[in-house]
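Please look over the sequence and the model shown here before turning to the points below.

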Amino acid sequence: MKFLSRLLILLLVAALCAGGYAFYEARDFLETPAQSVDEERFFDVEPGATMRGAAAALEKQGFVRNARYFVWLARWKQAGGRLQAGRFALRTGWTPEQVLNHLVYGRPALSRLTLREGLTWWQTGKLLEEAGYLTFADFTATITDPEFLRHYSIPFSSAEGFLMPETYLLKRPDKPDAASARATVGRLVDTFWRKTARLWPGGAKPGRDELRRVLTLASIVERETAVPQERPRVAGVYMNRLRANMPLQADPTVIYGLGPGFDGNLRRRDLNDAGNPYNTYQHPGLPPGPICSPGVSAIAAALAPEQHEFLYFVAITDGGRHAFSRTLDEHNRAVRAYLNSRKKASAAGQADGNRQQ
């Protein structure tokens with residue numbers, strides 16, 4: 001009995017010591033900043049980041065001393081799934097709880113926004129407005145302001161085509177105004193010139209006519225195919241049509257001319273409407289200007305179209321791949337083959353559905 005009593009006492013003392021040590025460790029972690037020198041640094045939280053991954057990065061960059069303890073703190077605070085994406089200004093002299101509160105409840109110094117390829121100016125403006133960077137009215141005024149266009153070397157009446165697709169880290173203003181709109185749109189246009197600098201022959205910015213031709217063609221290519229490998233070939237088709245004085249007959253240009261009110265259904269009367277200046281079924285040559293903001297791949301394709309004899313193309317897969325033809329007869333056969341394959345696939349799907357019933 002004496003041995004058992006002593007063992008129990010030893011176990012109790014060990015448990016108390018362990019508990020005391022754990023309490024000391026936890027208190028020391030919570031109350032002690034990671035570094036004695038207090039300085040501000042930026043910390044990026046990627047979209048979809050986990051608390052465990054963020055904690056590891058925080059420890060590596062010197063914002064907390066122990067990633068595992070930081071995860072436990074987040075669980076205790078019930079903040080495990082509340083990380084915001086963006087770039088945060090953190091201080092190395094903050095306690096772990098201050099760091100956690102800023103990442104969960106604070107405002108990012110810079111917020112992440114992705115603009116995909118092929119957006120029109122009004123789609124871009126709406127995205128920026130919804131994200132809180134500017135108002136749509138200020139955006140519209142900025143991209144058509146002659147002084148702004150002159151400052152950013154845009155020789156047209158609008159910045160359409162220059163609003164570069166990219167993932168941005170942007171500062172969200174407390175109250176969007178004309179100045180914040182100018183700064184945000186300027187960042188997009190600066191990115192356009194920076195990312196396309198290596199593409200221009202000789203490294204010099206192209207002249208007005210060449211710039212309009214390249215960006216307009218690139219914007220049509222961007223909207224016609226999502227397959228990067230096809231873009232030079234699609235650009236070649238349109239260049240062949242221009243050389244042959246054939247109408248481009250590009251549906252995306254007609255749709256652009258219909259504006260933000262387009263309901264997704266392109267009708268015969270739309271194709272016959274000569275009042276639409278972007279209707280390439282009715283007007284020869286390229287449309288008046290770009291119909292979206294193309295990516296670097298599409299601009300490169302417009303600068304170096306593939307040399308071939310194709311004059312037609314039609315989508316043959318839902319993924320966006322196309323069949324290219326030299327003659328109208330070849331094109332019509334490709335269209336019929338695609339329609340027949342769609343009918344067979346639809347019939348097979350319907351048959352499978354009936355069998356499952």
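Thr-216 touches Leu-286, Pro-287, Gly-289 and Pro-290, when residues up to four places away in sequence are not counted. Thr-216 itself lies in helix 9, which covers residues 208–224, and at 0% relative accessibility it counts as buried. The structure is a predicted model. The points that follow begin with the whole chain and then turn to helix packing and to individual residues.

**The chain as a whole**

- The secondary structure of the chain comprises 14 helices and 6 strands.
- The chain has 357 residues, of which 41% count as buried.
- The accessible surface of the chain comes to about 19600 Å², and carbon and sulfur atoms account for 53% of it.
- Of the contacts in the chain between residues at least 6 apart in sequence, 65% join residues that are at least 24 apart.

**Helix 9 and helix 13**

- Two packed helices are described by the angle between their axes and the distance between the axes.
- The axes of helix 9 and helix 13 cross at roughly 120° and come within 8 Å.
- The crossing of helix 9 and helix 13 is right-handed.
- On the side of helix 9, the contact is made by Glu-210, Arg-213, Val-214, Leu-215, Leu-217, Ala-218, Val-221 and Glu-222, and on the side of helix 13 by Ala-298, Ile-299, Ala-302 and Leu-303.
- Sorted by class, the contact of helix 9 with helix 13 holds 9 nonpolar and 3 charged residues, with no polar ones.

**Helix 10 and helix 13**

- Helix 13 also packs with helix 10: their axes come within 8 Å and cross at roughly 45°.
- That angle makes helix 10 oblique to helix 13.
- The crossing of helix 10 and helix 13 is right-handed.
- Arg-231, Pro-232 and Ala-235 of helix 10 meet Ser-297, Ala-298, Ala-301 and Ala-302 of helix 13.
- By class, the contact of helix 10 with helix 13 has 5 nonpolar residues, 1 polar residue and 1 charged residue.
- Ala-298 and Ala-302 of helix 13 take part in the contact with helix 9 and also in the contact with helix 10.

**Helix 5 and helix 6**

- Helix 5 (residues 121–130) and helix 6 (residues 136–143) pack with their axes 9 Å apart, at an angle of about 135°.
- This angle makes helix 5 oblique to helix 6.
- Helix 5 passes helix 6 in a right-handed crossing.
- Trp-121, Trp-122, Thr-124, Gly-125, Lys-126, Leu-128 and Glu-129 of helix 5 meet Phe-136, Phe-139, Thr-140 and Ile-143 of helix 6.
- The residues of the contact of helix 5 with helix 6 divide into 6 nonpolar, 3 polar and 2 charged.

**Asp-138 in helix 6**

- Asp-138 belongs to helix 6 and, at 21% relative accessibility, counts as partly exposed.
- The C-alpha atom of Asp-138 is separated by 9.2 Å from that of Gly-125, 13 residues apart along the chain.
- Leaving aside neighbours within four places in sequence, Asp-138 is in contact with Asp-177, Ala-178 and Ala-181.

**Ser-293 in a loop**

- Ser-293 is found in the loop between helix 12 (268–271) and helix 13 (296–303).
- Ser-293 is buried, with a relative accessible area of 1%, and under 20% is the cut-off for that term.
- Although Ser-293 and Trp-121 are 172 residues apart along the chain, their C-alpha atoms are separated by 7.6 Å.
- Apart from neighbours within four places in sequence, Ser-293 is in contact with Glu-117, Gly-118, Leu-119, Glu-160, Gly-161, Phe-162, Leu-163 and Pro-165.

**Residues with positive phi**

- Gln-78 is a residue other than glycine with a positive phi, near 55°.
- Gln-78 lies in the loop between helix 3 (67–76) and strand 2 (86–91) and is exposed, with a relative accessible area of 62%.
- Gln-249, also a residue other than glycine, has a positive phi near 50°.
- Gln-249 lies in the loop between helix 10 (231–243) and helix 11 (251–258) and counts as partly exposed at 37% relative accessibility.

Methods: Residues are numbered from 1 along each chain as its sequence is written. This is a predicted model: local features need pLDDT of at least 70, side-chain atom pairs count only at pLDDT 80 or more; totals for chains, interfaces and linings use all residues. Side-chain values use heavy atoms; hydrogens and water are left out. Helices (H or I, at least four residues) and strands (E, at least two) are DSSP runs, numbered from the N terminus. Buried means under 20% relative accessible area, exposed over 50%, partly exposed in between (1.4 Å probe, protein chains only). Contact means heavy atoms within 4.5 Å. Accessible areas come from the Shrake-Rupley method with a 1.4 Å probe; for residues, only the protein chains shown count as cover. Axes are lines fitted to C-alpha atoms, for helices over the stretch in contact, and angles run from 0 to 180 degrees between N-to-C directions. Angles under 35 degrees count as roughly parallel, over 145 as roughly antiparallel, 65 to 115 as roughly perpendicular and the rest as oblique. A crossing is left-handed if the near helix is turned anticlockwise from the far one by less than a right angle, and right-handed if clockwise. Ala, Val, Leu, Ile, Met, Phe, Trp, Tyr, Cys and Pro count as nonpolar, Asp, Glu, Lys and Arg as charged, and the others, Gly among them, as polar.
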